[in-house]
Amino acid sequence: YQDINPGQYRLLRLLSGEKGNLCAVGDADQAIYGFRGADLTNFLSFTTDFPGARTIQLGENYRSTATIVRASDSMIRSNRERVDKELVPTGAEGARITVISVPDERAEGEAIVRETEQRIGGTSHFVIDSGECSHASGSYAFSDFAVIYRTHSQARAIEEAFSQSGIPCRVLGGRGMAGQDAVADTLSVMRSIIHPGDDLSLRRTAQIMGLPEQSLSKTAKLAEAQGLTLREAMESLVGEEASIAGFIARRSKISDLVQGETAAEIIAVIGHDLGKGESQGISALLNLAVSYGNDISRFIAEAELLSPADDYNPRVDAVTLMTLHAAKGLEFRTVFITGCEDGLIPYTLGKECNEEEERRLFYVGMTRAKEELCLIHSRSRLIHGQRLTPQPSPFLKDIPGEFLNRTSIPDRIKKEKKETQMGLF
């Protein structure tokens, strides 16, 4: 309930009626979708909106160790917009949270690989060079580990480190499957064929298929002036605009091919026509479409609701890399949160910051860990083409020292260039 937006709130009030027959479940400390319209005040004012409401506190935590529960709870208590609650951990005390200071993003990736290999018993050059011995219990799988970051751009250096070590990893898309270009384009073309009156889908389909902006603008102006749909305006301009005639002919050809076909068969045709049939996104979309058969409208509605978490398959034995937003709802034995620096957590680079929501986002990341949590901050980081020297995240100060083990990886020693003999030629 903490994630609903004002429109959903008004709809719920209407549906619940005067008797307020409504059951809502939520956690104010996990309200992290303000950027897409969610309004936390709806949750905080629930008992005011529904005076007869009964509140049931779910206070026992079954996921994380006592150390992680108490540390994250201490951190989130700095927020004012929340419902005060006392979480009781049911698990063991567990290890302290590790806070690692690293020289830069390259060292950050190497540190994560090293920590991972110590648990699974690896022997890559990261462990060998450090002189550390593996002490793996033998019970870890790659899928027990997750690396979480604030921005998707941070994934590259970490992914490279895993690649060099030979450890399998997979990056969950920052925008989710429905946000990938190939998938979004395919769904738009499907909608424009299945729902011919959908002007928005038709406009996007025209752009995808290369209709010049000048022709599209002319069509839109005609539609507005004469009160026509975009499709009707296009059909009236076929004799004048060769590009519009070509677009309509191409779209009609696809429409003829997919008549009476299943969702999967339609995707295959559109993906091939757009030249995106071999993309990973289209493959995932095809797998999803199989179970919908000829119910195209239902398939489109479901596909558009997909989030990054829907890309996550727990059966894949690989380390998972994802954003803090994508991590919500998931859990792992060991979690690394990277970029714990002022500017990234909280994210203040080039935009206004809602500090309380940023703290809630960090709280969500911390509470993904079941047994071990490692927080990493870099003393130097390349962001948007600039080399910065950030300070550790101020949120780290909200975690009592009794829950932390701090360590620092020293800067690399720069090797002096040796003088070389000049050549004769």
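A pocket is an open set of grid points, at which a 1.4 Å probe fits, with protein on both sides within 12 Å along at least five of seven lines. In the predicted model described here, the largest pocket has a volume of about 1200 Å³. Its lining is made up of 44 residues, and Val25, Gly26, Asp27, Phe43 and Ile56 are those that lie nearest the centre of the pocket. Several elements of secondary structure contribute to this lining: helix H1 (6–16), helix H2 (40–44), helix H3 (46–49), strand E1 (60–61) and helix H4 (66–76) supply at least two residues each. The greatest contribution comes from H3, which gives 3 residues. By residue class, the lining of the largest pocket comprises 19 nonpolar, 14 polar and 11 charged residues.

Helix H5 was examined along its length and at both ends. This helix covers residues 105–120, and its 16 residues should span 22 Å at 1.5 Å a residue; the end C-alpha atoms are 23 Å apart, in agreement with that expectation. Of the 16 residues of H5, 14 are buried, so the helix is mostly covered, buried meaning under 20% relative accessible area. At the start of H5, the backbone nitrogen of Arg106 has a side-chain oxygen of Asp104 within 3.2 Å. After the helix comes Gly121, which has a positive phi, near 85°.

The cysteines were considered next. A disulfide is a covalent bond between the sulfur atoms of two cysteines. The search of the whole structure finds 0 disulfides. Cys169 has a relative accessibility of 23% and therefore counts as partly exposed. Cys353, with a relative accessible area of 32%, is also partly exposed.

His195 is located in the loop between helix H8 (181–194) and helix H9 (199–208). The relative accessible area of His195 is 35%, which means that this residue is partly exposed. Although His195 and Ser297 are 102 residues apart along the chain, their C-alpha atoms are separated by 8.8 Å.

Thr367 occupies the loop between helix H17 (355–366) and strand E8 (369–378). With a relative accessible area of 9%, Thr367 is buried, because this value falls under the 20% limit. The side chain of Thr367 reaches the backbone oxygen of Tyr363 at 2.9 Å, and a polar contact of 3.0 Å joins the side chain of Thr367 to that of Arg368.

Definitions and conventions:
Residues are numbered from 1 along each chain as its sequence is written. This is a predicted model: local features need pLDDT of at least 70, side-chain atom pairs count only at pLDDT 80 or more; totals for chains, interfaces and linings use all residues. Side-chain values use heavy atoms; hydrogens and water are left out. Helices (H or I, at least four residues) and strands (E, at least two) are DSSP runs, numbered from the N terminus. The expected span of a helix is 1.5 Å times one less than its number of residues. Buried means under 20% relative accessible area, exposed over 50%, partly exposed in between (1.4 Å probe, protein chains only). A polar contact is a pair of N or O atoms within 3.5 Å; within protein, one must be able to donate a hydrogen and the other to accept it, and residues adjacent in sequence count only if both atoms are side-chain atoms. On a 1 Å grid over the protein atoms alone, a cavity is a set of points where a 1.4 Å probe fits but cannot get out, and a pocket is an open set with protein on both sides within 12 Å along at least five of seven lines; lining residues have an atom within 4 Å of a point. Grid points are joined across faces, edges and corners, and a volume is the space filled by probe spheres set on the points. Ala, Val, Leu, Ile, Met, Phe, Trp, Tyr, Cys and Pro count as nonpolar, Asp, Glu, Lys and Arg as charged, and the others, Gly among them, as polar. A disulfide is a pair of cysteine sulfur atoms within 2.5 Å.
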